[in-house]
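Please read it alongside the sequence and coordinates.

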Amino acid sequence: MEKRQEKAVSELQERFEFRNIHSDEGEQAAKIERLCFPPNEACSRDMMLKRVAKAPDLFLVAVDRNTGRIAGFLNGLATKEDSFRDEFFTDAELHDPSGENIMLLGLDVLPEYRMQGLAREIMDCYLERECKKGRRMVLLTCLDSKVEMYQKMGFEDMGIADSTWGGSQWHEMRCVLRGQGL
C-alpha cells in the first residue's frame, strides 16, 4: 500500500509543478474558483485578485506540465488569530505576514483533475511548506460532506464554526503544525 501511495505521489510530482501563484494568474484562479464553488460561496474575481496581490506566497498552485494551466490551488491568509471568521473571506488586508497561523480560504481542483489525489497532494505540500516557515496552525472551514476528507488530510474537527459564509453552516477544522495545540 505504501509503495503504491509513493508511486502516486511521484507521478503527481512529475505531472504537476507545485509553486506559488504568479501575479498574472489571478484571473485564471478566479475562473477556477467560480467552477469549484457555488456562487454564494465562491470568492469574487476582485477579491481573488486582491489575495493574489497581497499574499501570493500563501497560494500553492498545481500547474499541469502538459498544458501550462493551473489544475488546482490552495490559498490562505496569515494571521495571529486562532479562530476563523467570515471577514477573512472578504478582506485581504487582514493578512499579517508575521502571523503564525494560516486561515485557508479555498482548495480548488478542476473537475477533470479530481479523484486522482491532487487535492491531497496540494494540501500535503502546503502544510509541509508552512511548517518549514515556522507556522503553528492551519485552519479552514468546510461543509459536513468534506469533514472526513479533511480529517484524512490531518485536520481535526473543532465543531460548528462561527462562520456563516454563503449562508451555510460550516465546521471549523484545524491542523497543528508545531506546539501542543490550543
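In what order do the strands of the open sheet run, and what is the pairing? In this predicted model, seven strands make up the open sheet, ordered E1-E2-E3-E4-E5-E7-E6, and their pairing is mixed. Strand E1 (16-19) and strand E6 (156-160) are the edge strands, each pairing on one side only. From one strand to the next, the twist averages 25°.

**Sheet edge**
- Strand E7 (residues 171-176) and E6 run antiparallel and are joined by three bridges.
- Ile160 has His171 in E7 as its bridge partner.

**Helices on the sheet**
- H5 packs on the sheet and touches E1, E2, E3, E4, E5 and E7.
- The direction of H5 makes about 160° with that of E4.
- Helix H3 (residues 45-54) lies across strand E2 (59-64), strand E3 (70-79) and E4.
- The angle at which H3 runs to E2 is about 105°.

**Largest pocket**
- The largest pocket holds about 1000 Å³ of space.
- Its lining consists of 39 residues, and those nearest the centre are Leu107, Ala119, Lys146, Met149 and Met153.
- Sorted by class, the lining has 25 nonpolar residues, nine charged and five polar.
- At least two lining residues come from each of helix H1 (2-15), helix H2 (26-36), strand E4 (101-109), helix H5 (118-132), strand E5 (137-142) and helix H6 (147-152).

**Salt bridges**
- The count of salt bridges comes to 17.
- One of them links Asp64 and Arg15, with 3.9 Å between the closest N and O atoms.
- Because Asp64 lies in strand E2 and Arg15 in helix H1, this pair ties together parts 49 residues apart in sequence.

How values were computed:
Residues are numbered from 1 along each chain as its sequence is written. This is a predicted model: local features need pLDDT of at least 70, side-chain atom pairs count only at pLDDT 80 or more; totals for chains, interfaces and linings use all residues. Side-chain values use heavy atoms; hydrogens and water are left out. On a 1 Å grid over the protein atoms alone, a cavity is a set of points where a 1.4 Å probe fits but cannot get out, and a pocket is an open set with protein on both sides within 12 Å along at least five of seven lines; lining residues have an atom within 4 Å of a point. Grid points are joined across faces, edges and corners, and a volume is the space filled by probe spheres set on the points. Helices (H or I, at least four residues) and strands (E, at least two) are DSSP runs, numbered from the N terminus. Ala, Val, Leu, Ile, Met, Phe, Trp, Tyr, Cys and Pro count as nonpolar, Asp, Glu, Lys and Arg as charged, and the others, Gly among them, as polar. Two strands pair if DSSP finds at least two bridges between them. Axes are lines fitted to C-alpha atoms, for helices over the stretch in contact, and angles run from 0 to 180 degrees between N-to-C directions. Contact means heavy atoms within 4.5 Å. A salt bridge is a side-chain nitrogen of Lys or Arg within 4 Å of a carboxyl oxygen of Asp or Glu.
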